[in-house]
Amino acid sequence: PAPWPSDAIGQITVLRSMASMSPVSIEEAVQRLVGARRDIVQRQLETLAMLGEVLDVGGGRYAVAAGL
């Protein structure tokens, strides 16, 4: 497990990085990031999706589309 960054930019960066390796769910991200709160992880992944940085690929999973 990796530490959960204390700042929003760090949080978004680590979540996007995780989603670029393989589709990730909110629960998986919380389990992999020490100190991460589920509500914050969800908000950051939803923000990334709204910005087009990750895609909601169904089943509560997020991934980076090829070419992003």
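Which helix does glutamine 11 lie in? Glutamine 11 is part of helix α1. Keep in mind that this is a predicted model.

Is glutamine 11 buried or exposed? With a relative accessible area of 8%, glutamine 11 is buried, because the cut-off for buried is under 20%. If you set aside neighbours within four places in sequence, glutamine 11 is in contact with Trp4, Pro5, Ser6, Ile40 and Gln44.

## The overall fold

Let's step back to the whole chain. The protein chain contains three helices and five strands. Followed along the sequence, these elements come in the pattern β-α-β-α-β-α-β-β.

How does the radius of gyration fit with a compact globule? For 68 residues, a compact globule would have a value near 11 Å, and the protein chain has 11 Å, so the two agree. Along the principal axes, the C-alpha atoms fill a box of roughly 30 × 20 × 20 Å.

Taking contacts between residues at least 6 apart in sequence, 54% join residues at least 24 apart.

## The nonpolar core

Buried residues account for 31% of the 68 residues in the protein chain. In soluble globular proteins, nonpolar side chains tend to be buried together. Here, the largest nonpolar core has 16 residues, and the members touching the most other members are Trp4, Leu15, Ala29, Leu33, Val41 and Leu45. The elements giving two or more residues to this core are α1 (8-21), α2 (26-32) and α3 (38-50). Of these, α3 provides the largest share, with four residues.

Apart from neighbours within four places in sequence, leucine 33 is in contact with Ala2, Pro3, Trp4, Val14, Leu15 and Met18.

Glutamate 28 sits in helix α2. Its relative accessibility is 22%, so glutamate 28 counts as partly exposed. Which residues does glutamate 28 touch, not counting those up to four places away in sequence? They are Pro23 and Arg61. Glutamate 28 and arginine 38 are 10 residues apart in sequence, and the distance between their C-alpha atoms is 10.0 Å.

Alanine 66 is found in the segment after β5 (61-63). With a relative accessible area of 81%, alanine 66 is exposed, since the cut-off for exposed is over 50%. Along the sequence, alanine 66 and serine 20 are 46 residues apart, while in space they are 8.7 Å apart, C-alpha to C-alpha.

Methods:
Residues are numbered from 1 along each chain as its sequence is written. This is a predicted model: local features need pLDDT of at least 70, side-chain atom pairs count only at pLDDT 80 or more; totals for chains, interfaces and linings use all residues. Side-chain values use heavy atoms; hydrogens and water are left out. A nonpolar core is a set of buried Ala, Val, Leu, Ile, Met, Phe, Trp, Tyr and Cys residues joined through side-chain atoms within 4.5 Å. Buried means under 20% relative accessible area, exposed over 50%, partly exposed in between (1.4 Å probe, protein chains only). Contact means heavy atoms within 4.5 Å. The radius of gyration is taken over C-alpha atoms; the globule rule is 2.2 Å times the number of residues to the power 0.38.
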